[in-house]
Amino acid sequence: MPSILITGASSGLGAEMARQFADLGYDLALCARRTDRLVELATQITTAHPDRRVVVKALDVNDHDAVFRVFEEFRAELGRLDKVVVNAGLGKGQPLGTGRFDANKETAETNFIGALAQTEAAAAIFRAQDAGHLVMVSSFSALRGMPRNITTYAATKAAVAHLAEGFRADVHGTPIKVTVLYPGYIVSEMSGTSARTPLMASTEKGVRAMVEAIEKEKKSARVPAWPWAPLGFVIKHVPVGVLRKLS
């Protein structure tokens, strides 16, 4: 069976990805800070699919040494890692210059430096295997510099998209693949009160679009495709004043 490692798998998009990839026949390597939720998720999956292997480990992606150790432990226990989904992140942040550098710094460290550590660890394993599929979960907000509370968040998501694209250029012509996902509004713990928007997709529907893009090994995908593919063009070209009202 193929194997997939998903970070930030204790809830939201990560947990739903685990369920859907288990349905597709994958063995799972799941990690997050909250191991109680991981154990509960693993029990649900193995009850539904007794033949699946589900390995869970505690991981804070800001503990960079632990990222490398845990990824290697997963590889050793499952024999190989076919896919790694860099999913763990924070939605925290405040407008620039409002005295909340602490929140923006925490967001930047988790969403970019933490993702860098995960990407380095995955890339080393893929190079050793001469095969693998890196999946970077960016965000629709990465398509443009965004105002208010998501300024720093959007900047980190643009940065990780470029990080993954740079790795793709490095491994071009090899069996190693790279996918960058740009999710729009999908119900999760991170979405919070924005779940009221009519553009919000259910967790199951949104993740289904993500999983399909991963399975097709798309280089990049705005998910769900409707309405986020056409909205991507709009968001890149609207005047700043309009962008501010939309955000």
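1. Helix α1 (residues 12-23) and helix α6 (residues 203-215) have axes that come within 9 Å of each other and cross at roughly 60 degrees, which makes α1 oblique to α6. Axes here are lines fitted to C-alpha atoms, for helices over the stretch in contact, and angles run from 0 to 180 degrees between N-to-C directions; angles under 35 degrees count as roughly parallel, over 145 as roughly antiparallel, 65 to 115 as roughly perpendicular and the rest as oblique. The crossing of α1 and α6 is right-handed, a term for a near helix turned clockwise from the far one by less than a right angle, with anticlockwise giving left-handed. Helices (H or I, at least four residues) and strands (E, at least two) are DSSP runs, numbered from the N terminus.

2. This is a predicted model, in which local features need pLDDT of at least 70 and side-chain atom pairs count only at pLDDT 80 or more, while totals for chains, interfaces and linings use all residues. Residues are numbered from 1 along each chain as its sequence is written, and side-chain values use heavy atoms, with hydrogens and water left out.

3. On the α1 side of this helix pair, the residues in contact (heavy atoms within 4.5 Å) are G12, L13, E16, M17, Q20 and F21, and they meet T203, E204, V207, R208, M210, V211, I214 and E215 in α6. By class, the contact of α1 with α6 has 7 nonpolar, 3 polar and 4 charged residues, where Ala, Val, Leu, Ile, Met, Phe, Trp, Tyr, Cys and Pro count as nonpolar, Asp, Glu, Lys and Arg as charged, and the others, Gly among them, as polar. Helix α1 also lies across β1, β2 and β4 (83-86), running at about 170 degrees to β1.

4. The strands form an open sheet of 7, in the order β3-β2-β1-β4-β5-β6-β7 and with parallel pairing; two strands pair if DSSP finds at least two bridges between them. At the edges stand β3 (54-58) and β7 (220-223), each of which pairs on one side only. From one strand to the next, the twist averages 15 degrees.

5. Within the sheet, strand β1 (residues 3-7) runs parallel to strand β2 (residues 27-32) and is joined to β2 by 5 bridges, with L5 having A29 as its bridge partner in β2. Strand β1 is also joined to β4 by 3 bridges, again in the parallel sense, and here I6 has V85 of β4 as its bridge partner.

6. Strand β4 deserves a separate look: K83 and V85 point one way from β4 and V84 and V86 the other way, and all are buried, that is, under 20% relative accessible area, whereas exposed means over 50% and partly exposed lies in between (1.4 Å probe, protein chains only). The pairing of β4 with β5 is parallel and extends over 4 bridges, and K83 stands opposite H133 in β5.

7. Strand β5 (residues 132-137) is joined to β6 by 6 bridges, with the two strands running parallel, and M136 has V180 as its bridge partner in β6. Of the 8 residues of strand β6 (residues 176-183), 7 are buried, so β6 is largely enclosed by the rest of the structure.

8. One joins V223 and P224, with omega about -15 degrees, and P224 has its place in the loop between β7 and α7 (225-237). Another runs from W226 to P227, with omega near 5 degrees, and P227 has its place in helix α7.

9. Positive phi values in residues other than glycine are a further topic. D130, in the loop between α4 and β5, has a positive phi of about 55 degrees and counts as partly exposed at 45% relative accessibility. R148, in the loop between β5 and α5 (151-170), has phi near 60 degrees and, at 37% relative accessibility, also counts as partly exposed.
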